[in-house]
Amino acid sequence: MQRICSWCEAELKPYEMNKVENQFITNGLCSVCAENIFKGNDSAALCRFLDNIDAPVLLLQHKPRLVRSANQKARNLFGKDIAEIEGKRGGDVFSCIHAFSKEGCGEAKPCEKCKIKNSVIETLTTGTSFEYVFTFLDIKKQHAVTTYKLQVSTERVGNHALLRIDQFEKK
Ligand SMILES: [Zn+2]
């Protein structure tokens with residue numbers, strides 16, 4: 001089991017050690033780093049942290065539940081620049097077909113059972129992490145709709161949630 005913070009390498013305290021098995025994405029982050037990186041206003045530090053994760057990752061804030069940032073790998077995966085990601089809903093970033101409805105991502109009827117949305121809400125509210133949640137998502141690009149296989153993992157960091165995209169490819 002990891003005994004040091006994956007970011008600052010400080011030795012983890014016993015209560016932080018208890019969280020490590022739930023930290024699928026950060027692999028053991030001390031509470032000081034969680035606080036400094038995710039509650040602070042140092043966006044350069046946040047970018048460095050997110051870009052250091054070797055997978056596409058979105059960072060979601062709570063109330064309203066919006067994407068606050070994304071690492072370079074996520075921007076490449078979705079072919080979007082940061083202005084098309086920051087402050088948007090998750091479904092807007094994925095180009096989920098329900099994000100184009102008049103209710104918008106998370107509010108349309110089919111969104112009630114969206115596994116991605118429900119995992120993120122659970123993570124934000126209870127701190128429970130999820131690993132490899134699998135679903136199908138209908139993605140709209142230009143005028144074509146294509147079903148994608150999507151697999152994600154989540155982890156709460158500070159008062160935010162990390163959403164790692166483990167798989168995103170055409171069915
Ligand atoms: Zn640390």
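1. Ser153 has a relative accessible area of 0%, so Ser153 is buried (buried means under 20% relative accessible area, exposed over 50%, partly exposed in between, with a 1.4 Å probe and protein chains only). Ser153 belongs to strand β4, residues 144–157 (helices, H or I of at least four residues, and strands, E of at least two, are DSSP runs numbered from the N terminus).

2. This is a predicted model, in which local features need pLDDT of at least 70 and side-chain atom pairs count only at pLDDT 80 or more, while totals for chains, interfaces and linings use all residues. Residues are numbered from 1 along each chain as its sequence is written, and side-chain values use heavy atoms, with hydrogens and water left out.

3. The side chains of Ser153 and Asp166 make a polar contact at 2.7 Å (a pair of N or O atoms within 3.5 Å; within protein, one must be able to donate a hydrogen and the other to accept it, and residues adjacent in sequence count only if both atoms are side-chain atoms). Leaving aside neighbours within four places in sequence, the contacts of Ser153 (heavy atoms within 4.5 Å) include Ile25, Phe130, Tyr132 and Arg164.

4. Val93 lies in helix α5, residues 90–94. Val93 counts as buried because its relative accessibility is 0%. Not counting residues up to four places away in sequence, Val93 touches Leu58, Val67, Phe78, Lys80, Ile85 and Lys88.

5. Ala10 sits in the segment before α1 (14–20). At 33% relative accessible area, Ala10 is partly exposed. Beyond residues up to four places away in sequence, Ala10 touches Arg3, Ile4 and Cys5.
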